[in-house]
Every structure is written in structure tokens, then in C-alpha cells.
Amino acid sequence: MYRRILGFWLVALALLAFTAAASAPSPLYVVYQARWGFSTPMLTVVFAVYVVALLAALVTVGRLSDYLGRRPVLLAALVVETLGMAVFLTADGLGGLIVARIVQGLATGVATGTISATLVDLLPPGWARLGAMINSVLPMTGLALGALVSGLLVQYAGSPTTVVFAGLTVAFALLAVLVLALPSTISRRPGALAALRPRLGVPRPARAAFLAASPVLVATWAMGGLYLSLGASLTSNVLGVRSHVVAGLVVTVLAGAGALAGIVGSSRDPGRVMTVGAALLALGTVGSLVALLDASAVGFFLGSAVAGAGFGAGFLGAFRSLSSLAPPDERAALFGAIYVVSYVGFSVPAVIAGVLTPRIGLRETAVGYAAVVVALALAVVAASRRPAEGGRSTGARGCPVVVEQGV
């Protein structure tokens, strides 16, 4: 039992590390732009190739741990992530930065579904709600910490890019060694090659709930994509705040508020948490829009905090509604599908924003982007208010809310 508990927290630490590494480059983008002179559209390309690689890994090897076992797949992901951090460390131009993001995306894609499934596998009896909370809260905590620490190092360290990625390289190498002691949770079984065929693995019992949760997944992660790709540019060019620490704090406030909301909502009905999250996301995004139009940094941070709370609550509610609906040998597939939808919302709007920014302006692009997020969030709230058959409470689109059971 103690080995399983230690393994659980080790895998949770790996999840925190992967998400911190994902946001760490955000405050560094303006440094790279100044150093190598690339444009805002190329900045969003750097952001997008990470997500494209992540999605490619999710739809191909996202289910592999259901066949090969969790430990070998997680070990491979950590080794590849270590290599990605090393590429960041040695990058000397835009090309190197793009290669590093691709390698990082592949590693994160391999790890995403595997880590979520492993956490559920290793849950001690009575910890089911904690598992769902960690799966949804730790990613936001990692995003918050990665951006904050990176922003501080950019502001105060002599060689921020070296310090950030040297530290991450060592951290992932150590995690790769530690994961060798992880206990096995499922038996190896045939079918690994067939599992590499690209497809989304949503088990039949989870499909209705998955469709209901998808708009929330897209809306929340789309907002995250805006902040991680263009947050530093917004604070610098629209709000006139030149501090790298503040640029990192933009992501930290959004993700940190999301993590706190996830903790608060972890013991409440997942359908209600998802709906409240969508409402908070809409409210906070509107506040951020008003602040951008008024060039108010204080207002922007307040709006970001409310939107972040909506991000955390909305994603937690959606994840908890789905987490108990797959048998053990299909968990990685279901969690991979959840993250595919999330990361499509995370990346595609950000790329479109990068293309539009030079043509219509950064502020105008951000306003249009946020308006789409508000519309999606409000649609979820409206759908949740439709009368349910038989008097049951409903989530988005009138589908019955699934209250998690022990797994």
C-alpha cells in the first residue's frame, strides 16, 4: 500500500513538472523575439507546433499504456522530455526553438493520458475524489508555477533561458530515474500495434457525457491558449507594462485562480461545478475585455482571476463527470480524448489570433478571441438550464450529470 501511495505522489509530481515546463517558455517569448527578431505570427507558430506534436502523440500513442503498461510508457515520455529541455538549452535560433517545442509536445502527448490513468490506477481506497481533483488542479498549478518562476528568472537572472532549461533538464532526468520504482498497475496485453492507429478512444458509456463536456473543454483551454501564447505581448504592447515578472504573472493569475477553484469545487456536484465554471469564465473574460479596451492593467488582472476560476471549475467539473466512466483498460484512451479536445481549443484559436494580429491589431484580435470564448461559455450555461427528463439534474446540452463513483 505504501509503495502505491508513494507512486501516486511521484506521478502527481511528474504531472506538475510537465505542465510547469509547458508554461515556462511563455515569459521567454519576448526575450527570444528580441534576440532573434521573429514576428508575432511566428511566435504563435512556435506555440502551435508544440500542441500539434502533442495531439499527434495523443491520437497515436495515447492508448499505448493500456497495452504496454504505465511505467514503460511514462519512462519513455520523461526521457523524451529531458531531451526536449536539452534542445531548448542549446537552441541558437528560431529553428532550434521550434524543434524543442516539437520534442516537448511529443513527450507531453505521450505522458498526458498515461499520467491521468496511472493516478487513477494508484488511488488508495477512498481517494477517488482526490484523484479527479489532482488530474484537473495540478495542471493549472504547474502552469502557474512555470510561468511565475520563468518570469522571475527573466527579470532577475543573468542568463534566464539557460537557468530555466538547465533546471528543467535535471528535473526530468531525476524523475525518469525515480519512475523506475513505480509499481505496475495493469498487465501487459496484446494489441499495442493496433492501438497506434489514430483514433479517439471514448468508451460507449462515456460518449453522451463527453459530448456534453466538450464545449467547456474548448472554452476553458482556448482562454488558456490566449494567455500562454500572447499574454506577454498583451501586457507589454496593449497595457504598456514592460516587466517580465508581470508577463509571467498574467499566466500565474489565470492558472493559479483555476487551481484554487478546482480545490474548492472538488467536493461538489460535477455538473453544477462545470456550469458555474462556464459562468465565471464568461464573466471574467468580459471583465478582461473591458480592461483591455480601457488599457487598465489592474482590471485586466482582476478579470483574469475570475476567468481563471472559471477555467479551473469548468475543467474540473468536466473531468469529474467523465473520469469514472471508463474501465481500467480504457482509461488512458478516454483521458487522451479529453485532452485532444482541450488542446484543439488550446491551439487552433491561438494560431488564428497570431495570423490576425498583424492585420487588425493585437487588441482587436484579443477582443474577438475573447468574445468567442464568452459565447461558448454562455452556451454551456444556457444548455444547463434546459429542463431534464424525469426531473434529473443536467449538465451541458441537457445530458444527465454523472456523479463520480469510486474507482
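How many salt bridges does the count come to by the rule used here? The count comes to 2 salt bridges, a salt bridge being a side-chain nitrogen of Lys or Arg within 4 Å of a carboxyl oxygen of Asp or Glu.

## Basis of the model

The model is predicted, so that local features need pLDDT of at least 70 and side-chain atom pairs count only at pLDDT 80 or more, while totals for chains, interfaces and linings use all residues. Residues are numbered from 1 along each chain as its sequence is written, and side-chain values use heavy atoms, without hydrogens or water.

## Salt bridges of Arg70

The side chain of Arg70 forms a salt bridge with Asp66 at 2.7 Å, N to O, and another with Asp121 at 2.6 Å, N to O. The second pair links distant parts of the chain, with Arg70 in helix α5 (residues 70–90) and Asp121 in helix α6, 51 residues apart. Through shared partners, Asp66, Arg70 and Asp121 are joined into one network.

Arg70 and Asp66 are both buried (under 20% relative accessible area, 1.4 Å probe, protein chains only). Asp121 is likewise buried.

## Packing of α1 and α6

Helices here are DSSP runs of H or I with at least four residues. Helix α1 (residues 2–23) packs against helix α6 (residues 94–122) at an angle of about 150 degrees, with the axes 10 Å apart. The two helices are therefore roughly antiparallel (over 145 degrees).

Contact (heavy atoms within 4.5 Å) involves residues including Phe8, Leu15 and Phe18 of α1 and Ile115, Leu119 and Asp121 of α6. By class, this contact has 13 nonpolar, 4 polar and 3 charged residues.

How values were computed
Axes are lines fitted to C-alpha atoms, for helices over the stretch in contact, and angles run from 0 to 180 degrees between N-to-C directions. Angles under 35 degrees count as roughly parallel, over 145 as roughly antiparallel, 65 to 115 as roughly perpendicular and the rest as oblique. Ala, Val, Leu, Ile, Met, Phe, Trp, Tyr, Cys and Pro count as nonpolar, Asp, Glu, Lys and Arg as charged, and the others, Gly among them, as polar. Buried means under 20% relative accessible area, exposed over 50%, partly exposed in between (1.4 Å probe, protein chains only).
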